[in-house]
Amino acid sequence: MRVKKIIAVAMLLTGSSAFAQEDLLKQLDQVQDSATVYSAATFKGTRIINGHSVETVGKNNMDFIISHRFGAVNSGANNFFGLDESQIRLALEYGLTDRLMVGIGRSSYQKTIDVFVKYRLLKQSSGFKNMPVSVTLFVSDAHNASTSSTELPFYTIAQRQTYTFQALIARKFSEKFSLQITPTVLHRNLAENQIDANNLYALGMGGRYKLTKRTSFNVEYWYTPKTFAGTTQRDPRFTNTLSLGFDIETGGHVFQLHLTNSRGMIEKQFIGQTTGKWNSGDIFYGFNVARTFSFDKSKKRKSSGY
């Protein structure tokens, strides 16, 4: 910024025109950008395992994501150790710009419809512009469309809504190793029961270690304190979510295989409603499959030789 001011003052003193000043400042911006190195692929996809990563879908690109969670491993041989049953989520995610994306999904678990917006606020960089971390903001609304019951009665549409607010903060320490923390506030218009608070405060922690050019090992943990500011946050039957994953990237596809103690695949479920316990064998095998489609005509022409 000081360099810009010095150049502008010098040009004024030499009697240069406003157009020349503007052109020179634009050239200076280009030089600064070319001297800045931005970190890429902090994580391979828009998810670490259950939770979102700092990554966003590129402009005019769309991801189609299929997520599966099978039954619990401890359900026994009669249930084929969980493989006889499954929950599924289908989602579409679209990049409005290289920083801003939107998404919508439908989960069979609790028949939930969720919509979200992600915005890449800061990008980790070095060189002329030095930024130690990447920061992405996330907001979602999840609508529980399941049948109202005695345990969870819904009287209005508004009561079925759960809102999630997150700041995703990540750093790529090397070509192989990345970490992310995710401070989270989850607001339920109608809590599960009288013990649960409407506002739930949690912290997500996730990491990625690259094994080969196309594979990585991921780990993710969501911590929710039992009480916050002296208020009980959730029913004691709910637990924190721990997940282990293995990513495989094959061109336009990303396969994520994982083990987790949560059946839910969106924030309101794996942060606020996980009942599984690893030490009891309440482990669910699952996977995410993401396929990217490009609607950028200019890139298609280049790739086709036009």
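Among contacts between residues at least 6 apart in sequence, what percentage joins residues at least 24 apart? In this protein chain, 57%. A contact here means heavy atoms within 4.5 Å.

Some ground rules. This is a predicted model, where local features need pLDDT of at least 70 and side-chain atom pairs count only at pLDDT 80 or more, while totals for chains, interfaces and linings use all residues. Residues are numbered from 1 along each chain as its sequence is written, and side-chain values use heavy atoms, with hydrogens and water left out.

The overview. The protein chain has four helices and 16 strands. Those are DSSP runs, numbered from the N terminus: helices, H or I, of at least four residues, and strands, E, of at least two. Of the 306 residues, 42% count as buried. Buried is under 20% relative accessible area, exposed is over 50%, and partly exposed is in between, with a 1.4 Å probe and protein chains only.

Now the pocket. Its space is about 740 Å³, and it is the largest pocket. A pocket is an open set of points on a 1 Å grid over the protein atoms alone, with protein on both sides within 12 Å along at least five of seven lines; lining residues have an atom within 4 Å of a point. The volume is the space filled by probe spheres set on the points, which are joined across faces, edges and corners. There are 32 lining residues, and the closest to the centre are Lys44, Glu55, Thr56, Val57 and Gly58. Strands E2 (61-72), E15 and E16 (284-294) each supply at least two lining residues. E16 gives the largest share, four residues.

On to E15, residues 253-260, which holds Val254. Val254 counts as buried because its relative accessibility is 13%. Which residues does Val254 touch, leaving aside neighbours within four places in sequence? Lys44, Ile248, Glu249, Asn288, Val289 and Ala290. The C-alpha atoms of Val254 and Ala290 are separated by 5.2 Å, though the two residues are 36 apart along the chain.

Last, the rings. The structure holds seven aromatic pairs. Rings of Phe, Tyr and Trp (its six-membered ring) pair if their centres lie within 6.5 Å; planes under 30 degrees apart are stacked, over 60 edge-to-face, and the rest tilted. Phe70 and Phe287 make a tilted pair, 6.2 Å centre to centre, with 45° between the planes. Phe70 is in strand E2 and Phe287 in strand E16, so this pair ties together parts 217 residues apart in sequence. Phe70 is buried, at 15% relative accessible area. Ring pairs link Phe70, Tyr285 and Phe287 into a cluster.

Methods: On a 1 Å grid over the protein atoms alone, a cavity is a set of points where a 1.4 Å probe fits but cannot get out, and a pocket is an open set with protein on both sides within 12 Å along at least five of seven lines; lining residues have an atom within 4 Å of a point.
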